[in-house]
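Morning, everyone. Please have the sequence and the structure open while I talk. I'll start as soon as they are on the screen.

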Amino acid sequence: MEFSLYGLSDIVLSLKVTALANFFALLIVLSTLTVLFIAPNYRLKRSFYLLFTLLVASLFLIVYAHDYLLFFIGWEVMSISTYFLLSFTLSKEALHKYILFAMASALSLFVAILLLYSTQHSFLYEDAKQSYLAMSDGVQQLFTLFMLIAIFIKLGTIGFHYWLVDAYEESHNLFTPFLSAMLSKMGLYALILFVANITQATYVLAVMGLLTTIIATFKAIEQESIKRLLAYSSIAQLGYIVTVLSVADGMGGALYHALIHTLVKLLLFINIAGVIYVTQKEKLSDLGGLIYKLPQSFVFLLIGIIVLAGMPPLGGFASKFMIYTALLDAKYLLLLAGVMFSSASAFIYVYKLIYGIYLGHPTHKNLEEVKEVPWTFLAPQYLLASLLVIIGTFPGLVIPYINRILGELNLTLLSFETIQTLITSYAQYNGFVVMGAFGGIFVLVLMMFMLLRSKAKKPKNRFDIAYCAEEPNEATHLHYGYSMGQELKRVGLIHLIAKNSSKYFYDFLAKQMQYFSEVVRKIYSGNLLLNFNIAVLFLIILLLWSLK
Amino acid sequence: MILFDLLFMLLVAYITGFLYYGLYRNITARFQRRLGPPVWQSFLDSIKFFSKEESISHGWMFYLGPVIMMSGAIMTLFFIPLFHTGESFKGLSSYGNLFLVLYLLVLGALGNALAVGASGNPFGVMGVTRGLSRLFALELPFYISVIALISVSGSADIVCIAASQTEWNAFAYPLLFIAALFSFVGMMGQAPFDVVGAPVEVYSGPASEFSGKFLALLMSQSAIFTFAKLVLMVHLFLGGASGFVELLAKSFGLFLFVIAFGAMYGRFKTPQSIDFLLKVPTSIAIVGLILATWS
Amino acid sequence: MSSTLFIALPLLFGFATPLLSRLGKNALAYTSVLMQLSLLGLALSLLLAHSSTTVELISIAAPLGISFVLSTASLLMVLLFTLLMTLFSLYYLFQRRANAYANESKFFTLLNMLLAASIGLVLSSDIFNIYVFFEIAGISAYILSAYSKTALALESGLKYLLTGAVASIFLLFAIVLIYLHVGSLNLAVIAEQFQLLPYNVKLLISLLLLIGFGFKVEVFPLNFWVTDVYQGSTSLVNALFSGIVVKAYLFVFFHILYLFLPQGEFTLFLLYLGGVSMLVAEVAGLRQTNLKRLFAYSSLGQVALIFVAFAMQNIQAVQAAFFIVIAHSLAKFMLFLALASLEKTEQNMHIDRLKQIDSPFLMVMMFLAMLSLLGIPLFVGFVGKFLLLKSLAVEGMLTLLVMVVVASFIEAIYYFKLMGYMLHKGTRSEKVEVSLGEKMIFVSLGLSLLLLGVFPMSIAGFLQNAAEVLLDQTAYITLLVGG
Amino acid sequence: METGFLQEQKVLEGDLNSENSHQNSVDFLMNWFRKQSIFVLAYGTGCGAIEMPPTFTSRYDAERLGIRGAATPRQADVIIVSGYCSYKTLRRIIRTYEQMSNPKYLLALGSCTVNGGMYWDSYNTIKKLEDYLPVDMYVNGCMPRPESILEGFIALQKEIGEGKASSWQKYEENYEFYRKNQEAVLGKKVEPSYEADWYLYEGGL
């Protein structure tokens, strides 16, 4: 569907239903539905829903737009409606941080699309490649720079993530799942369009993606706030996608991982929203020992972290596997090693998350009185968790859909035989067998184990632990696994990685800006004599310069 | 037929694993100038624990932890073929690949970590923390070596990697092998990387709350798991195996090396071991990878 | 006759205010609304009937005469001015009790003089008339600025007067030079002969005109007085300054520029001047905490943006300029009126006070205005900025493009800082009542921002037409001088 | 039910009178395994602990008999009370003993555990360990040499193999008696202040 806007013949806008757009639209629908499920638990103003609707509408606009202008409009509306949605809970600083980065993203996207327009006078995706090729080298680099800045900010790639963590941490618990699952995906969508339509930008993406995964993983490890931890985990997960998009055949893995990440982040954030709802606590150090109070939530979080860590036999492994083999295919071996390294490091924060909330000992008296979260929290988790289990069992299930997208983008299709298997050029695996074998072995071992004569008895008191012959009591500090990973800072290399360098950088930038402003402001101090002098001098200089 | 295969593999792993463990204790004792226990001592220990009258369980997650760990070990075993030639004793390896096995290697430990957390014993969690912190540093050189091997042999299938070696990978790519060996020593829980279960430091770490049959199950899985890891190394670096004798010889040789290594060194602190692993073996592995794939 | 009415009516009304004020307490306010409405009606009827550019001549003696040219472009400006003035009168009427001026009749006199002069500037086709209106507008503006007679107000009035006097000297000198060399004051005649003048004279005249108008179109470095004036004046007056007066100056400056230099000899220079103005103004505004001054900086930035757009001197850019003019006028007008509503208790608001004020309605309206000013899509501000940047990109002026974008970003920094204050969570002590009438005005302004932003095509054709007319030097000459 | 001296006498003589030797084949097998593998809690309670390191290391190498150390009470079969036992230590020993899982054995080293030894007059050590915890095997001497300790272990192994080492059952059966004695020296707030008594444990998973 094409139409023109502004009564100008040279701007053609277009909306188009493509398989890629449908894929992301599906994710939007899924996220919206699941998030709205938990909405009745919160008392929200009507304006929240109004803005939320606007946001969802803008997401659809982004997804179905087939030219960069509409895309940009959707992008900007998304940023602004998110701003107002965030304003319900965010502190002034965090909010300001968010919007500045969002504006920087939008404006650099703006510059980029205008540069794209300047050569072929078209915003359409189809013409993007030609427009790009028509640019001179310098402009091409400038264009790529601006485009990638815009995308990286939205993705929260490391260095551009300064806003993201605070925004995630302080946003409303209802909104965080959406923020993580959907809004960052829009950055991904932009990146996919960029990579598929314009240019691969191989090395930039590879380096940025790898740095993002590794640094964000180690940053996640040292967090104590649940939402901050998950925010960094989101960054890291998107880093995998950025990395894999740097290779020619990475699109399949990227889409697969996008799907999995959306599902799992919805699951995790809804889960912790439930925990926060019943406990009113947001820090790992304030929680603990909830496993027997919230058993269902525990299982869902467990499923979530298994997927997040990319463990077989659930869906997370399928997407990780796709990413690995794509990188292997492109012979990006060290990159692959780096990605796997960060994937292995992710086990720490994943364990820290589940330990801090559910395992160990309760850190407060009132934690021993909480009840299971309301069913409105559980219902979407049932849905998401079963989807993840199904994808884990039948990893080939989504391949035909991804192939449709790849076909549309003129990329190499993924091979597909049955829905149980996932096949790449290097290896294949059968999700059904893995799941079946694990389930079978587990059940068999469990049965044999239960039949043993040795009686399992359960202490009545949680303090009955082997504790060097001492007796712990309420006052004993037993729940300290939540600070796990702090000791890693003692390792020089990791300390280097996990430094708050982006904070220093942006603070420095802000400070310099303020000084500069302070100097410039002197012009407007109201001293007429000074001003006239400046004015005359400036004009003479300019004129002499311009008349040469 | 496949069920018989699997059962047989399990049996072999169980027996060999315990045998190796007995030998391990015996040989370590000889290193320390003592007689050491009989070879079957580990087996006796495990049966003793199975026959305890009672075992303390801290809830269902605690109960399931060792079961998950055992399942993980058996899964690992099943997805690694015993022999790279012939038809039998391939297990489920045709349904999986090396990446899957790499993840299965940690699956059990993570499952058990949940149980440790559920037990509420801070020493257990301390051990888990050490283990997880060490894990990524341990895996990095191993991953690099494995990736290089996959890339060189053109497949992530273990059988293919084993079969594609004209000369042993250990000799063809010595740097990769050395780097992987460092990791392997750590994976086997040997000094100098044995920070996890350090008895006098963290009260035997993750195992501190396991008693009776739980401990017994952990011991059995350890035996099976050790064998599985040895077989994996044999296939990756030592040219695979086509018969029991070859398999036992190669794996025992490797095992001997590991325990000798372990008996000779003291223990690193956690940050030290991470630092060391991230520096020395990783650098070796990177150089090895570049040398191996340079064309 | 019709275009003369636009000037005659306000002037008449202005001088009749002492009489009208005797009719009753509210008579002046009501009649003012009536008068503005009639002007608006007139403008609208002209718009509907309008087909081509018309000239109206009030002959005094053979070479001397006052001629008004009503083209699409000037009609657009007139329409904008009368619309804003109507809303202004209505607003004044609705919140008059709270904001009564000491001497209402004088205030209205000045107000109408200002309007008449602004419209006169836009319509005149004679450079001396332009000078006259320039002075009328200036004098009424000085007095309006000092009207509240506080120390700050008097300071601002004085500053305004001083700078205005300097500006008019330069302008007058330019006119003298022109008359010396061309022998006519008619814009068309001058335009015809301007190219034939010696280079040095051309340069001198251009320089003098630039400086003369430069003060008024608030271009760096001649805009130093603006912030002080805005701070000293009341918000109501500021609404007029930034909504009407500066737009009139901008229009007439570029009108003259296009006529004299159709080839665009100075384009690059003016473009960078505009770009630098914008950057400097936005950077200087970054740390401002006084609301009026802050908006003044923002006005400087926006005016510089319009300056850049006009200076591009091509149809797309001028169309964009008109869009920004409309967007900025409406939005700033709205912001200053909102500020006037908030300031009922206290003048010179500090930014911190936004945390205290409890008026969701005004907040939302200010949000709309600010978002439009920032060029967020769905608001008309975006259309203007987009068209301008597009034409910059097409022309390949990437440096300027980046300059404008960076400046916009800096503007976003302080506007969102403002919004952050408004969105502050906490108890709000000061409740601000907004009457229904005021609400209607704000809503209509806000809606127009939104509607024009979503359906820019409704006026795009008209604006393009205006841009074509404004840029067409030969047609102008033909019309006035004849073949 | 007897009280006072009579009860004490009965408890102390309990295992002499019991006829535990009739074990079925499963019991026999299990006892054989238990006998072959003995995990000793690495917990030095008194001065006798100094004799334990040589027992377990190269010189005497207890591991050849299947005897090795265990770090936590959860994994241990045998706890050695090595010598005098102050009230403070007793508190820990009792707790540790109760945390060990059945079947569990207690080996007492030195004279002090028999009758207080040279600490007979001490204000803060117990005299007879038997009053507080059931002892399977005494190794007397002050201090007993590693050879004696090994001998003690071998004797203990023999008893285990015959199914006679059943002090843990005795502790359960006469819990009130031990508890009373423990409270007598440690005060009413004797640990475990929470329900260490096994019959309060919940069954199942």
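Chain A and chain B first: 61 residues of chain A are in contact with 71 residues of chain B. Keep in mind that this is a predicted model.

Which elements of chain A give two or more residues to the side that touches chain B? The helices are α13 (315-329), α14 (333-358), α17 (431-450) and α18 (492-497) of chain A. The strands are β4 (428-430) and β5 (455-457) of chain A. The largest share comes from α14(A), with 13 residues. What is this side made of, by class? Count 45 nonpolar residues, nine polar and seven charged.

Now chain B and chain D. Here 30 residues of chain B and 18 residues of chain D make the contact. On the side of chain B, four elements supply at least two residues each: α2 (41-50), β1 (54-56), α3 (60-78) and α10 (212-237). The largest share is five residues, and it comes from α2(B). By class, this side of chain B has twelve nonpolar, ten polar and eight charged residues.

Next, the core. In soluble globular proteins, nonpolar side chains tend to be buried together. The largest nonpolar core in this model has 592 residues. Which residues have the most contacts inside that core? They are Ile354(A) and Ala309(C). The helix that gives the most to the core is α13 of chain C, residues 315-342, with 21 residues.

Stay on Ala309(C). What does Ala309(C) touch, leaving aside its neighbours within four places in sequence? Its contacts are Ala317(C), Val318(C), Ala320(C), Ala321(C), Ile324(C) and Leu388(C).

Now a helix pair in chain C. Two packed helices are described by the angle between their axes and the distance between the axes. Take α15(C), residues 380-395, and α16(C), residues 398-422. Their angle is about 155°, and their axes are 8 Å apart.

Last, the domains of chain A. The assignment gives domain 1 (1-187), domain 2 (200-454) and domain 3 (500-547). Taken over C-alpha atoms, the centres of domain 1 and domain 3 of chain A are 33 Å apart.

That's my tour. Thanks.

Key. Residues are numbered from 1 along each chain as its sequence is written. Chains are lettered from A and ligands numbered from 1 in the order in which they are written. This is a predicted model: local features need pLDDT of at least 70, side-chain atom pairs count only at pLDDT 80 or more; totals for chains, interfaces and linings use all residues. Axes are lines fitted to C-alpha atoms, for helices over the stretch in contact, and angles run from 0 to 180 degrees between N-to-C directions. Domain bounds come from an automatic or database domain assignment. Two residues are in contact if their C-beta atoms, placed from the backbone, lie within 7 Å. Ala, Val, Leu, Ile, Met, Phe, Trp, Tyr, Cys and Pro count as nonpolar, Asp, Glu, Lys and Arg as charged, and the others, Gly among them, as polar. A nonpolar core is a set of buried Ala, Val, Leu, Ile, Met, Phe, Trp, Tyr and Cys residues joined through C-beta atoms within 7 Å. A residue is buried if 20 or more other C-beta atoms lie within 10 Å of its own, exposed if 12 or fewer, and partly exposed in between; C-beta atoms are placed from the backbone.
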